[in-house]
Amino acid sequence: FQRGKASCYPFGLREPLIIAGPGVKRGVKTSSLASLVDFAPTILDYAGVPIPAQMQGVSLRPLLEQRPGATCERLIAGEKFGDQPPAVAYQECAVFDGRWYYIRRNHLDKPRVLNADDFEEKTWGNRTYGATLAARDKFPNKYLLMQEWENGRNAESLFDIQVDFYGIKDLAPDPAHATDLQLMRTEMDRWLAQTGDGLMARSEQFKSDK
């Protein structure tokens, strides 16, 4: 349950997408990337309505119809922000290119407010927090993940989703993945620039903070 709701971990943002309808090839599975922002241009495409140039996302229609050379999103992103400006709160943003899943966290000195239903059994009926705590000796990995979710304050994380589907092993501190880390830092900066995000730190500020 932890690292799911209100989380930028893969378990919090990643989910399967199933589409059916006229012209959609049946029984086709793909690892192509799609995001909710792709729904609007896809619907407009099927409706024969021009897609506004300023609209984010791409039409999934070529992919759904299995047209030769069909492509979709090269990179997808998600975020979990706290208070809106002018208040400044703890922030998370993630980018994913199909293999590398990168999370950047901003304003680590600010409090991280967890959803009450992540841990309050009395009000919400969620027994996972107490059960994980009680079984920490029998299932130490589950307990460590919960502790990381509750107390983790790392400035960035990097996961190889091809071999680590749920994002368990953080490769950001590993020197062997320094090139991969820098690649995804650059991808993050590009996404922030494209969306005009002035709240999340760019790599230059991020590195100086470290």
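Is R190 buried, partly exposed or exposed? R190 is partly exposed, at a relative accessible area of 36%. The cut-offs are under 20% for buried and over 50% for exposed, with partly exposed in between (1.4 Å probe, protein chains only).

1. Basis. This is a predicted model, where local features need pLDDT of at least 70, side-chain atom pairs count only at pLDDT 80 or more, and totals for chains, interfaces and linings use all residues. Residues are numbered from 1 along each chain as its sequence is written, and side-chain values use heavy atoms, with hydrogens and water left out.

2. Sheet. Four strands make up an open sheet, ordered β1-β2-β3-β4, with antiparallel pairing. Strands here are DSSP runs of E, at least two residues; helices are runs of H or I, at least four; both are numbered from the N terminus. Two strands count as paired if DSSP finds at least two bridges between them. β1 (76–81) and β4 (156–160) are the edge strands; each has a single partner, so one side of each lacks a neighbour in the sheet. From one strand to the next, the twist averages 10 degrees.

3. The β3/β4 pair. β3 covers residues 100–106 and pairs with β4 in the antiparallel sense over five bridges. R104 has E156, in β4, as its bridge partner.

4. Helix on the sheet. Helix α7 (residues 178–194) packs on the sheet and touches β1, β2 (91–96), β3 and β4. Contact means heavy atoms within 4.5 Å. The direction of α7 makes about 65 degrees with that of β3. Axes are lines fitted to C-alpha atoms, for helices over the stretch in contact; angles run from 0 to 180 degrees between N-to-C directions.

5. R190 and E187 meet through their side chains at 2.6 Å, N to O. The criterion is a Lys or Arg side-chain nitrogen within 4 Å of an Asp or Glu carboxyl oxygen. The two residues are three apart in helix α7, which means a separation of about one helical turn. E187 counts as buried, at 7% relative accessibility.

6. The structure holds 10 salt bridges. D45 and R61 form one at 3.6 Å, N to O. D45 lies in helix α2 (residues 39–47) and R61 in helix α3 (residues 61–64), so the pair ties together parts 16 residues apart in sequence. D45 is partly exposed at 22% relative accessible area, and R61 is partly exposed at 21%. R61 also meets E65, at 2.9 Å, N to O. D45, R61, E65 and R67 are linked in a network of salt bridges.
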